[in-house]
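I opened the notebook to look up ring contacts first, then a strand pairing. My entries follow.

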Amino acid sequence: MSSLTLHSCDGQPLMLVSPRGAKNLFYWMTETTHNSTPKEAEIVYKELLGADLFSIYRTAFEKVTGQTLALIHPDIISTPEDEASRCKNDFCSLMLDTEVCKSRCTEHSIDLSKRIDQQAFTASCEANITTTLIPINTKVGIVAYIRSGQVRTNEKEIDPNFFLKISAAMPPHVSRDVVMLFDAARVYTKDEYKSQLTLLGAFALQLSDLANNLLIKPAPGSGGIVDVTKHYIHEKLSEKISLDALAENAKVTNSYLCKQFKKATGLTVVEYINR
């Protein structure tokens, strides 16, 4: 069973469990240093970023919550620029164009990732903006992170020390706009934000399942009737797939294909397609 523990803005753990997918053990929060990104993770990240499942969910989540959902590369600094800079928060959008915050979101995401070991982590930056990083775990490790939040989760005013930094780096009228945008930003209650994390955690488990399926996707020309059949299924997954078509593609009889497929995978052809 797959599990994912989310740490909400009040520090309370929220555990989600999936009946299938990657086998993730329950870990207490630890400091961790990520190694170089495996080649498989690089490939899977790009496929997840272009997947219809991710696109559809992101559009729906952002429309309903007014928040941003970004898919961050497992090596944070390798995230495509347009993905790393996604932000619906007017305050953060303005700040990202300044020297003060130009790379601060990246640094904050790196800091959050170092606190993650199979679990999600939530923290606030210097400006009292809350962000959550949720790992997409697979059998080869973390292949991506969901980043959301970039919102206020309390009534605290902008940090005075942070304001001094931005005031020194921009004209007075711009620094005033920054404060106005901060004050105008919606404040989410802890329960509201926790509910959003629940949705994101469930989605992260779905993406983990998808990522693991991508990892076992056979390469074209890998040979063997089972691998040939798997590849055909992955290529035609959006279409209606018949056993006759699979057998014809593998150049064997229906019964022989079913027997060999079950023997090699432990699943019937139908079960494999559904999974």
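I counted 5 aromatic pairs, taking rings of Phe, Tyr and Trp (its six-membered ring) as paired if their centres lie within 6.5 Å, with planes under 30 degrees apart as stacked, over 60 as edge-to-face and the rest as tilted. Tyr57 and Phe61 make a stacked pair, 6.2 Å centre to centre with 15° between the planes. I work on a predicted model, where local features need pLDDT of at least 70, side-chain atom pairs count only at pLDDT 80 or more, and totals for chains, interfaces and linings use all residues. Residues are numbered from 1 along each chain as its sequence is written, and side-chain values use heavy atoms, with hydrogens and water left out.

I placed Tyr57 and Phe61 in helix α2 (residues 52–65), 4 residues apart, about one turn of the helix. Helices (H or I, at least four residues) and strands (E, at least two) are DSSP runs, numbered from the N terminus.

Next I looked up Phe91 and Phe182, an edge-to-face pair at 5.2 Å centre to centre and 75° between the planes. This pair links distant parts of the chain: Phe91 sits in helix α4 (residues 90–96) and Phe182 in helix α7 (residues 172–184), 91 residues apart. Phe91 and Phe182 are both buried.

I also found a cluster: ring pairs link Phe54, Tyr57, Phe61 and Phe203.

Last, the strands. β4 (residues 121–124) and β5 (residues 130–138) run antiparallel, joined by 4 bridges; strands pair if DSSP finds at least two bridges between them. Phe121 stands opposite Leu133 in β5. The hairpin of β4 and β5 has 5 residues between the strands, and Asn128 there takes a positive phi near 65°.

Methods. Buried means under 20% relative accessible area, exposed over 50%, partly exposed in between (1.4 Å probe, protein chains only).
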